Amino acid sequence: MKIAVYPGSFDPTTNGHLDIVKRSGLLFDKVIVAVLNNPNKKPLFSVEERVDILRRTCKDIENVEIDCFSGLLIDYAKSKNACAIVKGLRAVSDFEYELQMAHMNKKLNPDIETIFIMTNSRYSYLSSSLVKEVAQFGGCIKGLVPEIIEDEIYNRFMK
Ligand code: PNS
């Protein structure tokens, strides 16, 4: 069984992320979407909330599982018997850092490949950070994130 891990912060999940989840689901037998638990960052949504949002938005994709991890991604991927790490690439600006991480992960475990999927051009400008910035100042985020979290993103900035 070919298993891939799609890691990220997903704070919050965007429609660009969901596009990558769906497309990687077509390439692998199982895709594990893995939310990074990073104690050094103060997220908008807790890890549990992010996992729950992903579970709800991906519930109709049969071969996708949602999980969280801490520590090194490559160790997590090995523990899940994954043969690949999936990353979405939006623009050249993503490439340098992603290439560096892909090489480092390859050095740490040569058996696991990093596979890049080009983001749908509709979402090439989209990032979780930009969504947060736009929402914080009352801009429209419709169509950029799953509908079920649209209102909650604005609410988080009102607290
Ligand atoms: O959505 P993000 O924040 O761009 O995702 C970054 C992520 C989670 C893929 C990256 O930070 C990561 O892999 N973190 C786990 C720690 C790790 O393995 N670091 C070494 C990378 S070579």
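**A tour from the ligand outward**

Start at the ligand and select Leu 73: a polar backbone atom of this residue lies 2.8 Å from an oxygen atom of the ligand. Such a polar contact is a pair of N or O atoms within 3.5 Å. With the ligand still selected, note that the protein covers 70% of the 550 Å² of accessible area that the ligand has on its own (Shrake-Rupley method, 1.4 Å probe). The model is predicted: local features need pLDDT of at least 70 and side-chain atom pairs count only at pLDDT 80 or more, while totals for chains, interfaces and linings use all residues. Residues are numbered from 1 along each chain as its sequence is written, and side-chain values use heavy atoms, with hydrogens and water left out.

Next, select Ser 9. One of its polar side-chain atoms is 2.5 Å from an oxygen atom of the ligand.

Helices (H or I, at least four residues) and strands (E, at least two) are DSSP runs, numbered from the N terminus.

Move to the loop between β1 and α1 (15-27), where Pro 12 is found. A cis peptide bond joins Asp 11 to Pro 12, with omega about 0°. Phe 10 is in the loop between β1 and α1 too. Its phi is near 50°, a positive value in a residue other than glycine. Is Phe 10 buried or exposed? Phe 10 is buried, because its relative accessible area is 2% (buried is under 20%, exposed over 50%, partly exposed in between; 1.4 Å probe, protein chains only).

Then select Asn 81, in the loop between α3 (73-79) and β4 (84-89). Asn 81 is not a glycine, yet has a positive phi of about 60°. With a relative accessible area of 62%, Asn 81 is exposed.

Two further stops remain. Pro 39 sits in the loop between β2 (30-36) and α2 and is exposed, at 73% relative accessible area. Asp 52 is in helix α2 (residues 47-57) and counts as partly exposed, at 37% relative accessibility.

Conventions
A polar contact is a pair of N or O atoms within 3.5 Å; within protein, one must be able to donate a hydrogen and the other to accept it, and residues adjacent in sequence count only if both atoms are side-chain atoms.
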